[in-house]
Every structure is written in C-alpha cells, then in structure tokens.
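Take a look at the model below. Follow the chain from its start, then read on.

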Amino acid sequence: MLALSRKKNEALVLNNNIEITVLEIKGEQVKLGITAPKDVPVYRKEVYVQIQEANKEAVDTSGMDALKDLLG
C-alpha cells in the first residue's frame, strides 16, 4: 500500500486517466472527488464487497452440476 499525505485541492493521478482530488477536510472526514472515464467503475469499498458477495451467491454450483448431467 502506498500512503500519501495530501492537502485540500491537491490530487493524485492513477494510470494517466483517473484523478482523485481532496475537496474538503472536516475533522476526521475527508471529501474526495474522483474523475475517471465512464467505463471505469468507481465504488465505495463496502458497496463493492456487497456486490461481490451477491455475485458469489448468484452462482449456484449445484445448478451447474444438474446442467452438466443434462448435457452429459
């Protein structure tokens, strides 16, 4: 992990096409602005984890076994 210090209005650039800017600092809360191409998904981590868990639940391996038996 790379740890950097940034002040208000300072930014980071990732992969030449994603910019993360510190918009505001209030106490222990930091507001970030993210500029990225439309094809780059941007999620809060807790939302991303929920999406991944839902995707895992949607894949039912027993259904795949039944499909294999039918095609088998």
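**A walk along the chain**

Read along the sequence, the protein chain goes β-β-β-α-α. The radius of gyration of the protein chain is 20 Å, well over the 11 Å that the globule rule gives for 72 residues, so the chain is more spread out than a compact globule. (The radius is taken over C-alpha atoms, and the rule is 2.2 Å times the number of residues to the power 0.38.) In all, the protein chain has 2 helices and 3 strands. Helices (H or I, at least four residues) and strands (E, at least two) are DSSP runs, numbered from the N terminus.

This is a predicted model: local features need pLDDT of at least 70, side-chain atom pairs count only at pLDDT 80 or more, and totals for chains, interfaces and linings use all residues. Residues are numbered from 1 along each chain as its sequence is written, and side-chain values use heavy atoms, with hydrogens and water left out.

Now consider the extent of the chain. Along its principal axes, the C-alpha trace spans about 60 × 30 × 25 Å. Of the 72 residues, 7% count as buried. Buried means under 20% relative accessible area, exposed means over 50%, and partly exposed lies in between (1.4 Å probe, protein chains only).

Next come two strands. E2 (residues 18-26) and E3 (residues 29-35) run antiparallel, joined by 7 bridges. Two strands pair if DSSP finds at least two bridges between them. Lysine 26 stands opposite glutamine 29 in E3. The hairpin of E2 and E3 has 2 residues between the strands, and glycine 27 takes a positive phi near 60 degrees there.

Which residues form a nonpolar patch on the surface? They are Ile25, Val30, Leu32, Ile34 and Val42, with about 430 Å² of accessible area together. Such areas come from the Shrake-Rupley method with a 1.4 Å probe; for residues, only the protein chains shown count as cover. Patch residues have over 30% relative accessible area and no salt bridge; nonpolar side chains (Val, Leu, Ile, Met, Phe, Trp, Tyr) are joined within 5 Å, like charges within 9 Å. A salt bridge is a side-chain nitrogen of Lys or Arg within 4 Å of a carboxyl oxygen of Asp or Glu. E3 gives the most to the patch, with 3 residues. Valine 42 sits in the loop between E3 and helix H1 (45-58). Its relative accessible area is 48%, so valine 42 is partly exposed.

Finally, the structure holds 1 aromatic pair. Tyrosine 43 and tyrosine 48 form this tilted pair, at 6.3 Å centre to centre and 40 degrees between the planes. Rings of Phe, Tyr and Trp (its six-membered ring) pair if their centres lie within 6.5 Å; planes under 30 degrees apart count as stacked, over 60 as edge-to-face and the rest as tilted. Tyrosine 43 is partly exposed, at 47% relative accessibility. Tyrosine 48 is partly exposed too, at 42%.
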